[in-house]
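This report describes selected local features of a protein model.

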Amino acid sequence: MKAHSFHIPVMGIGFTIDSPLKVAPLGIDSVISLVDDILLEKLRKMYCELSKLPYSEITDKMEDFRAKRITSYLDLIQNLAEKKFTELKNVTQESSNEIKKYFSILPDSSSLKQEFNKLTKDYFNVDEIGVWIKNRLTMGSIDVNIMTKVDKDNYQKKEQLPVEYNDAHAALRGYAMSNLSSSLILSAGMNPRLYSYLEQFEDFYPDDNGFIKKKIVLKVSDYRSALIQGKFLAKKGLWVSEYRIESGLNCGGHAFATDGYLMGPILQQFKDQKKNLADDIHQVFANALSQKEKPTPTHVLPIKITAQGGVGTSEEHDFILNHYEVDSVGWGTPFLLVPEATTVDNETVEKLVQAKENDLYLSNISPLGIPFHSLKSNTKDVEKAALIEKGRPGSSCPKKFVALNKDFTENGICTASRQYQHLKLQELDKVENLTKNEYSKLYDAIVEKSCTCVGLGTSALLKYNLDTKTEGEGVSICPGPNMAYFSKKLNLSEMIDHIYGRTNVIERKDRPHMFIKELGIYLKYLEEKISELQAPINRKQKKYLDTFSSNLKEGINYYISLFNEHKEVFKNNKNQILKEFEEGARILNKMTLEIPKLS
């Protein structure tokens, strides 16, 4: 039984790198990114020294070093978290405050919390409580995230290594070989080759009782994608235990815009189709297991539906949880202000505290070519601007995790690297008859790419005073738009009390409802798409714009019906919410009138 109704999703590369060590003993699920094995190795060394444990470096000269680093780090974090959890359960008079904290942050509806409060109402008997606690507390899950497309080829002495040594494949193997019993979250879309590689590892298959040691979670932004990926994996005898629905644009990090599908209608579809989804996939799954002569569950295995992206109040949290019947709600961005849960250097925390709407923007800085939420004046962008000013744009590319572009070289290079930008600018200089404005626009598009695979991990090094000689001190940070409404550093109890409605840490009175905020971002996105296109547009472009605007219109109508039907929710600002949806419909209608003019 889960202790909490929220989870902390993966954030950046380093911001949740050791979150499970901080929050798992308190029953909270969180996610470690497996992008940067160099960072993981540095932190493993640090934690071994702090815990007085033996440390033997895994160097990049060793065979399969990336997978080995990941396995070693995950096993260490698990051991340290379990040690803290065991100490928590061995209640003494001295440690009683920690156990009280565990229960105080639980939701008030928790039967476990109610029972604890009853037991300790009159006095706190250490011996009596100790026996009661041992079998009742649960530890949070130590989950991991792999971005499926960050799967760079690797070489040894100029010879390309087999595909299983690609970055995502090695990360997957590193997790598979660890002792963890938790979840692997696959994000950024489908990678058939990587998904097929999952078949190699027994921990992803159910045992005789239907228990899966390492569960597969797919981060998705629409139902169709979930069904396609779920069936693809089921054909290999692999069960997707959770579909993690994330808002296409109202989220942190990389943003995968849907074709205008808004979060509410997507969640509604999952709610309506959950049983069908499980039943359809189970048939395929059971057949595949039978053919592989593996244990085949006689019953349909459970599927969890979780949601994240832009949730900011307890009212929104409860609505998502109860109306859409999801199993957990992800709270990401606000936790960047909680040092007890995430790892963010002090200077960046202060920038986040000060950030307003205009400081948070959907950028094109990611070398992956995917829209990326960013904070203006982050120190990595300041560093990037200084290099452009010097006439030497681009990063030295010390880690090469997204060295995927093969336009100029046989081996991939990163579009944020100095090498790529130098070659691309040489190519641009050969283009004839460009106006000054056209040249400037193309130049900016080349040099705006930022070295995020370093920048998103450096914060952890700065926070722990570790060496940044290779990386430099520039930090990229990727909060969602929700950050504008959280304006102070918080302790863990304050943040959780906010989630469960026991306090309110948002001081501003003008925060829009999460569904309104998402609609606004989608409308702005559509407006930019329309303005980018030059007449005459082709049939494919017109179809995209028509589909996008039609789905947005359906989404707005869905919300208007939803809020009119459910009289009991969002009573204090319902009229304002409905007014803003109607205004959104008016803006959308005006935009759709522009589309035929482009034909």
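N250, G310, N482, Y485, R511, P512 and K517 line the second largest cavity of this predicted model. The volume of the second largest cavity is about 40 Å³, and its lining residues comprise two nonpolar, three polar and two charged. Across the whole structure, the search finds two cavities of 30 Å³ or more.

The largest cavity has a volume of about 60 Å³. Its lining consists of L34, V35, R66, I146, M147, V150, D167, A168 and A171. Two elements, β3 and α7 (167-176), each give two or more residues to this lining. Helix α7 supplies the largest share, three residues. By residue class, the lining of the largest cavity holds seven nonpolar, no polar and two charged residues.

R66 and D167 belong to the lining of the largest cavity, and both also take part in a network of salt bridges that links D37, R66, R69, K152 and D167. In total, 39 salt bridges are found in the structure. Side chains of opposite charge can pair when their charged atoms come close.

| Salt bridge | Distance, N to O |
|---|---|
| K83 and E87 | 3.3 Å |
| R136 and E115 | 3.9 Å |
| R502 and D497 | 2.7 Å |

E87, at 45% relative accessibility, counts as partly exposed.

The side chains of R136 and E115 also meet in a salt bridge, at 3.9 Å from N to O. R136 counts as partly exposed, at 35% relative accessibility. For E115 the relative accessible area is 35%, and this residue is likewise partly exposed.

In the salt bridge between R502 and D497, the N to O distance is 2.7 Å. R502 is partly exposed, with a relative accessible area of 28%. D497 is at 23% relative accessibility and therefore counts as partly exposed, since buried residues have under 20% relative accessible area.

Most residues other than glycine have a negative phi, and most peptide bonds are trans. Where does the model contain a cis peptide bond? The cis bond joins A535 and P536, with omega about 0 degrees. P536 is located in the loop between α18 (514-532) and α19 (539-565).

D64 is a residue other than glycine with a positive phi, near 60 degrees. Its place is in the loop between α2 (37-50) and α3 (65-89). K400, again a residue other than glycine, has a positive phi near 60 degrees. K400 is found in the loop between α13 (379-389) and α14 (418-429). With a relative accessibility of 42%, K400 counts as partly exposed.

How values were computed. Residues numbered from 1 in each chain as written. Predicted model: local features only at pLDDT ≥ 70, side-chain atom pairs only at ≥ 80, totals over all residues. Heavy atoms only, no water. Helix = DSSP H or I, 4+ residues; strand = E, 2+ residues; numbered from the N terminus. Buried < 20%, exposed > 50% of the residue type's maximum accessible area, 1.4 Å probe, protein only. Salt bridge = Lys/Arg side-chain N within 4 Å of Asp/Glu carboxyl O. 1 Å grid on protein atoms, 1.4 Å probe; cavity = no way out; pocket = protein on both sides within 12 Å on 5 of 7 lines; lining within 4 Å. Points joined across faces, edges and corners; volume = space filled by probe spheres on them. Nonpolar A, V, L, I, M, F, W, Y, C, P; charged D, E, K, R; others polar.
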